[in-house]
Each structure stands twice: as C-alpha cells, then as structure tokens.
Amino acid sequence: MGFARTCSVALVGVEGVVVEVQADLEPGLAAFTLVGLPDKSLSESRDRVRAAIVNSGETWPQKKLTVGLSPASVPKSGSGFDLGVACAVLAANERIAPPAIADLVMIGELGLDGRVRPVRGVLPAVLAAADAGYRQVVVPERTAAEASLVPGVSVLGIRTLRQLIAILNDETVPEETENRGEGRPDPLLAGLAVPGAGIGTGVCDRQTLPDLADVAGQHTARRALEISAAGGHHLYLKGPPGAGKTMLAERLAGLLPRLTAQESLEVTAVHSVAGILPPGKPLVDTPPYCAPHHSATMPSIIGGGSGLPRPGAVSLAHRGVLFLDEAR
Ligand SMILES: Nc1ncnc2c1ncn2[C@@H]1O[C@H](COP(=O)(O)OP(=O)(O)OP(=O)(O)O)[C@@H](O)[C@H]1O
Ligand SMILES: [Mg+2]
C-alpha cells in the first residue's frame, strides 16, 4: 500500500554501521511495530516519532505500520534513528516523495514537539556513511559543524521536523528559533574540565596547559619527558613529596606535536561518542590531556554503560596523554 526507505547509522563502539530504515503501511487495524533488534531507548522511538509528526502539523496514518531496521543482526540503541523513522513513515504515507529520502542518511533525536535534538557520535556516524558511499546527510543543526568535518559529504543541519519536511518538498521553509536548553552541559559530564578537579575523566583544553619552560633545573626529568614525548613512551615518575612530579607530568602534553588530519578525526570521533565536543570547536586537532582523579571509578577510566557505551579516560586520551597522578 505504502512503502519507503531511508538510512541511518548504528554505532558499535566508535564504529558506525549504515542501517536501512524501512516503513511499510498496510490497511488494517492501526498499529505501529518496530522490528530489527532495537533496545529500550530505540523502542521508545515509536512514541516520540508519533508525537513529533502530529505536533509538526502532519496526520498520523491510521493503518498497520511496520518499521524495520536492517541489517537486523546489528544491535541498535539510542534515539538517533528517530529522524529516519519519522521521514520513512511520512514518505510511506505519501507526505514526502519516497525517492527524495532514499539516498539520505538521517541522524537525530526527535522531541515530542518535533524539534530535532543532537545525539552523541555524529562524526563517526557520518564517517561510516561516507565510507558506505552516501553523499548527503541530515543531522541536528548543533552537530552540523562536526558532521562537516567529513570530506565529500554534503551536510544539512536542521532544527525541526517541519523544516526538513518543507525542504524535502520544496515548500517555504519555516523560520525556527534556537532549541531551548540545548546549550546546557550534559549533567553526566559535569565537573570534568580541570585536571584533578573532582572525580571524572578530566579532559582539559590544551591551551590552558602549563609550559615546561616554568620548571627550574630538573634536567634528567626534563630529558625523560622529551624522550617520552618524542617516542610515545610511557613514563613513570617517582620521588619524594614536593620534588615536582605532578608539575613535570602536567607539562608532557604541551610537548606533543599537533595531530595529523587522520589522527584528529580519530580523536574527535571518540570525543563525539562521549558527547564532550565543545560547540563551535568541533575538531580536536591537538593531543588530548586526561587526568582522572586517583579516586575515579573503573568505568570512568576504562569506559562503560549500557546501550551506547561512554568512552572512559583511557579512550579519551587516545593520541594524547593519560596522566594518572598518585597511582600507587
Ligand atoms: N624544579 C622546579 N621548578 C619550579 N617549581 C618547582 C620545582 N620543583 C618543585 N616546584 C614547586 O613545588 C610544587 C610542588 O611540586 P609537585 O606538586 O609537582 O610535587 P610532587 O612531586 O608531585 O609531590 P607529591 O608527591 O606530594 O605529589 C610545584 O607546584 C612547584 O611550585
Ligand atoms: Mg604530586
């Protein structure tokens, strides 16, 4: 009766797998079935998508609706499929022309009011889409800069579902205001900014790192730091209290060269999955510096969590410095 498909991306660690989102409408008792190994947060997509479509001024099809995510064998989690599901349903219902979305990759969570909210891991998702040969992606506006880092892909950043429907149908695009509350920091990531400041992964901006030039003397330790930086070696500092161990170790990241383009994408992909890329500075092009507190928990150091796991300090320090102070 009505069929349409579009694409989205499932993340497995920091690797993306392109997933086809198919929507099928059949006459029958109104129902909405989602198949294809969704987890709990993805199953809730049904309710978000229905509310977002209705609150965007569209009609919900009173038919038997089946949405399938394939390959079904890849476990899928999170809310990033919402946008793809909503567009596939609208296209199956002939509100959008099905060919208009068939070659698009859509990533984004929908609010019940139809606003498109950012999700974690947009960069690795777009990298996977580019690798699979897709050339156009639709992402939440706030993550458009991050998505644009991938060469050869044209990025459409949107604020609401209404906007996307209008763009796809060549209608007048409604002016939408900035999504309220999106600029707020993730509460789960609060308290991470300064090395040693509380329990956390302690990722910090390299611009604020201290300089080795401040250290008086300490020629042997300085040489050890330089050799460690040049060769990418581990470094263990041992000495009496006040000898300057912490002071020296905090200056190691400042010695490392800038990341190459490939390394920058790798590191940025990990930080994107962690959801800690600062708005307005999507590319991490300097070696990261992570200094978790000595009382930090194991998951905060090695990563973890259900669904899409959050990288820990070890992963966030990829291609940079992981400083474990007081590591006895
Ligand atoms: N060679 C040095 N040049 C400049 N300042 C120094 C030097 N050595 C020590 N200091 C000063 O001493 C302070 C204490 O050093 P730091 O905290 O690094 O010692 P530590 O070896 O880590 O001690 P602890 O084992 O107690 O953690 C530094 O903040 C710095 O002000
Ligand atoms: Mg110390």
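Which residues are around ligand 1?

Analyst: This is a predicted model, in which local features need pLDDT of at least 70 and side-chain atom pairs count only at pLDDT 80 or more, while totals for chains, interfaces and linings use all residues. Residues are numbered from 1 along each chain as its sequence is written, and chains are lettered from A and ligands numbered from 1 in the order in which they are written.

Around ligand 1 are Val215, Ala216, Gly217, Gln218, Gly239, Pro241, Gly242, Ala243, Gly244, Lys245, Thr246 and Met247; a residue is included if its C-beta atom, placed from the backbone, lies within 6 Å of the ligand. This shell comprises five nonpolar, six polar and one charged residues, where Ala, Val, Leu, Ile, Met, Phe, Trp, Tyr, Cys and Pro count as nonpolar, Asp, Glu, Lys and Arg as charged, and the others, Gly among them, as polar.

One member of the shell, Gln218, has a positive phi of about 55° although it is not a glycine. Gln218 is in the loop between strand 10 (203-204) and helix 8 (219-231); helices (H or I, at least four residues) and strands (E, at least two) are DSSP runs numbered from the N terminus.

Finally, a cis peptide bond, with omega about 10°, links Ser70 to Pro71. Pro71 lies in the loop between strand 4 (64-70) and helix 3 (82-92).
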